[in-house]
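Please view the structure below before reading on.

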Amino acid sequence: MRVGLVDLRGDLRRFGVLIACLALGTGVIAAVGSVGDSLRIAVVRDATTLLGGDLEASRPDRDATAEELAFFEMLGEVTSVVDSNARAAAGDNSAFADLLAVAGNYPLLGNVVSPQLTPGDKPAVLLGERDGRYGAIVDVVLLDRLGIALGDKFTIGGLELEARGILNTLPDGAVRGFHLGLTTVVSTDALARMDNLRPPLPGMLTKHRYKIVLRDMSYAEAAAAIAAQFNDKDWSTRSPREAAGSLARYYDLFARFLLIVGLSSLLVGGVGVSNGVTAYIGDRQRSIATMRSLGATGRRILVHFMTQVGVLTAIGVGLGVLLGGVSSLLMLPLLGRALGVDLPALIEPMPLLAAAGFGVLAGFAYSYLPLVRAQKVSPAMLFRALGAVLPPPARRDMLRPGVVAPIALAVAGIFVLAVLITGDPWLVGGYAVGVVFAFLLLRGSAWLLQGALRRLPPAAPSRLRHALHNMYRPGSTAPVVIMSLGLGLAMLLVIALLNANLHSQLLGAVSRDAPTFVATDLFDDEVATLEGMARSDPFLARFESSPMLRGKITRLAGVDPDTLTGISEEAEFLLGDEVPITWVRDLPAGSTVVDGTWWPPDYDGPPLVSLRISMKADLGLAVGDKLSFELYGETIEATIANFRDYEYQQGINFIVTLSPGVVEAFPSTFLGTIKAAEGHEKDLERELVRAFPEVTFIPIGDALNQAVSILGQLGTAVNIVGGLAVVNGLLVLAGTMAAGRKQREADATVHKVLGATRADVVWAFALEYCLLGAFAAAIATIVGVAGAWAITESAIDIGFSADPVLIAEVIVGAVLLTVAAGAATTWKALSARPARFLREA
Amino acid sequence: MSTPVIETTDTNLHLMSGKVPLHILKDINLRVEAGEVVATVGPSGSGKTSLLMVLSGLERATSGKVVVAGQDITGLDEDQLAIFRRRNLGILFQNFHLIPSLTALENVTLALEIAETGQPFKQMQAAAAAALEEVGLADRLTHLPSALSGGEQQRVGLARAMVTRPRLLLADEPTGNLDQDTGARVIALMFDLARKQHTAVMLITHDRALAARADRRLLMNHGQLSEEAGVAQP
């Protein structure tokens, strides 16, 4: 060991890539793990504060009655919150508000943070009535939208309010979930004085929440008592664990995904470790042979080089842990502010230890085989010509238990550690299968390629012949280039495809096609006016409307819908009291029929109905089943004609769509979607509010943009981590190129001595790397698309599409990169002075 | 008198050793005729190998004129020098410098491919195989250099150098890494091939016995080249 350490002296610079590969992989895992753990711990620790009580009871339609409230007060201290939406207006300006009405004692736990509130003060200090006017604490953007300042007045639902504070955070903001509009906090007294607060969209209901800090009672006891007392399915309760749990689960899923990406980064980097150690052993063959000739045993050689690799691994892993720790210290406060969770800049030691474990195990697993090969170097080689390349190992040597067992143990260690960290053996197992598949496919395809090229007759053009020969000659770098580039590219493709799919599937063509506003319950004359505006108003780009009735489904394929339990949220909405229904002649834009057939445009027979495809499985329906609707007191029976698929963002699409005919006779209002001319959203909103004071225009665009920006932030995190994985792939590639450089220089020199021009040499290398890059990219496409598909199908549950343009971009980029890397090393080889080489060799 | 294969006039070579300039070749005036075999002897570090480097264009003369195969190579750029070498020169190294990943046949074929003779590949392979047969390696065509003995590797090197039928063969201590018997066999082959192909040979060697078999002997000492006294001209 001592000799091994001494022998390492002065040689550290050549291990830059090896150390960087390990440091980067370990660092990503350490950072992701540390941030994820801090987040999880904080969410669980603060769960009660996040919910705002030990229990939350809520219902959609009304306040608690006096008896109900008295019962809650028996359980503990109670405060109430009403979530709703409304339009805030000041002069000509108006904005859609996320209205939060709070009781005087809100919040029971935590604080509302506002520069205008002294820490510890309840918001009631600002919200109460002064000079006949109630106060409001508002999102700063609302002031801007309304063109007002603090102290100015605005109205909601006919009530004049005074903006008295700017809202920074709500103690229970993180568990409120998705909401439309700009948050405006008022008192429940103020809310009681507002009028015209009907739900602006069907299904978008006001929620009345009661947050209770329990007195001498557990959550389970209190929840059971509420259920027994009220026997009313409209009351639902949730615990801090449930409320925080969904948040924790969401970030947990995200952290697990990032851990997998980090692990992949380490696995890609491991190839760099393996290449680096192989190249090092190759370069040291003469020294090894000399040591062997002096009588060193194979074991001594192994210990000698293992000591060196151990030191290098420790440096790489140490740097990685340091990198991960520092990044998590920097990231936590930023992340905490973005999520509304208190995340102090502390380092969680366990994830860092786990990352170090991953790093050490991966370093060992990847370097052990080349180390074993060092034992095989024979002193006889001193008497033969030697290349810089380590000859490939004999297969029977690789399968010896002494070789296989340590590597298998290290791999098992990585697997167990990953299962312990994620707590999800299926995820890790699936991932491991994917990794093995990727490794086998890349290695197998390289082997097949070399075999096929060996059997091909020599190509006629000499440059092509040389390029192809270089790919299968002994000591060719083709397998490692294909492996390194393939893994790096596959990773890049998985990330690019996931991002693209998340954006296109979840948010549709938000920026292009989504409406800016949606308005419900439009009357004929309002539709006509809006249609006129669409023709003449430069701010209004597009207006579409559909007839809209509200009804209730009373029978579902012979079953009473009230008896159905355990159904999806969407199905529950369909079976609500006021489900929106439309009728159309033609298949709506953005819809596709996936089961059954669409009715003819002139259909006038018995009522037919088209349902969203998700209802088929959710409610166990089939084409031909009958649905009964109650419309204006009358019952209509319709037969299911088809199921169709659509995205909400692509125009008007109702879950329930009837055929023309019978339903036309019923009076209906209209649902309208409005698209503003780009950059004129605020101008149009101002015009619409002035022209239609009675209509609520819901700014869908804002909400979607908010979702896009949240997704964008998550996407950025994924991109950064994924980018690091790709950087690791590039490092590996660079290391491979550097390792082969010595031999390339030697070959290039001989070529030059024999009379090859620089162009000849560059062309042969460029062609070789072009072909290698293209081949690796093709295999990586298979691995990447399969990986992204598996993740979207199993973990995210969204539809999957592989954009060929995106894939082509990645492939072309990869080929160019490989050729550039090949050209760079070739250039170095060409720059080498032949005279020096010929003298020194 | 026919055109000489080598004609240098007041050729000098300066090289830097760290920051110290060294005057390696001093006013070299050399003339070698077609088919002539010239041996250069001299102590280590006297500048023998540097002379070969300058003659092959692998080292650029600092001053003076170097005309090889009728072409002044002092003004040629890298690529022009490469083309000049492929058309006119064969080079044999002490350390063989075979490409380790190519078989014996492929190493020799490579020289023909680079020379762009315009032959189909099969024909090039046949010519390379014939060249290897000529040096007694017909049964070693598919062997990699690592599987060949030193003498065999040098014979592959000789086949590679001669397969393009060069006008000048530059041999830098070709027997330096071989035992006496093997070295003698390689030299015999080299002289035999050179005479058959009417190729001029510029041989660098320490071995005076070997040098004695050349048509002419030169002595390099401290960068100065002179005819060795007492050697009869053929």
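**Helix packing in chain B**

α4(B) passes α5(B) in a right-handed crossing, the near helix being turned clockwise from the far one by less than a right angle. Helices (H or I, at least four residues) and strands (E, at least two) are DSSP runs numbered from the N terminus. The model is predicted: local features need pLDDT of at least 70, side-chain atom pairs count only at pLDDT 80 or more, and totals for chains, interfaces and linings use all residues. Residues are numbered from 1 along each chain as its sequence is written, while chains are lettered from A and ligands numbered from 1 in the order in which they are written.

*The α4–α5 pair*
- The axes of α4(B) (residues 121–134) and α5(B) (residues 150–162) come within 9 Å and cross at roughly 130°; axes are lines fitted to C-alpha atoms over the stretch in contact, with angles from 0 to 180 degrees between N-to-C directions.
- B:A131, B:L132 and B:E134 of α4(B) make the contact with B:V156, B:A159 and B:M162 of α5(B) (C-beta atoms, placed from the backbone, within 7 Å).

*Chain B as a whole*
- Chain B holds seven helices and ten strands.

*Contact between the chains*
- Chain B contributes 29 residues and chain A 24 residues.
- On the side of chain B that touches chain A, α2(B) gives the most, with six residues.

Terms used:
Contact = placed C-beta atoms within 7 Å.
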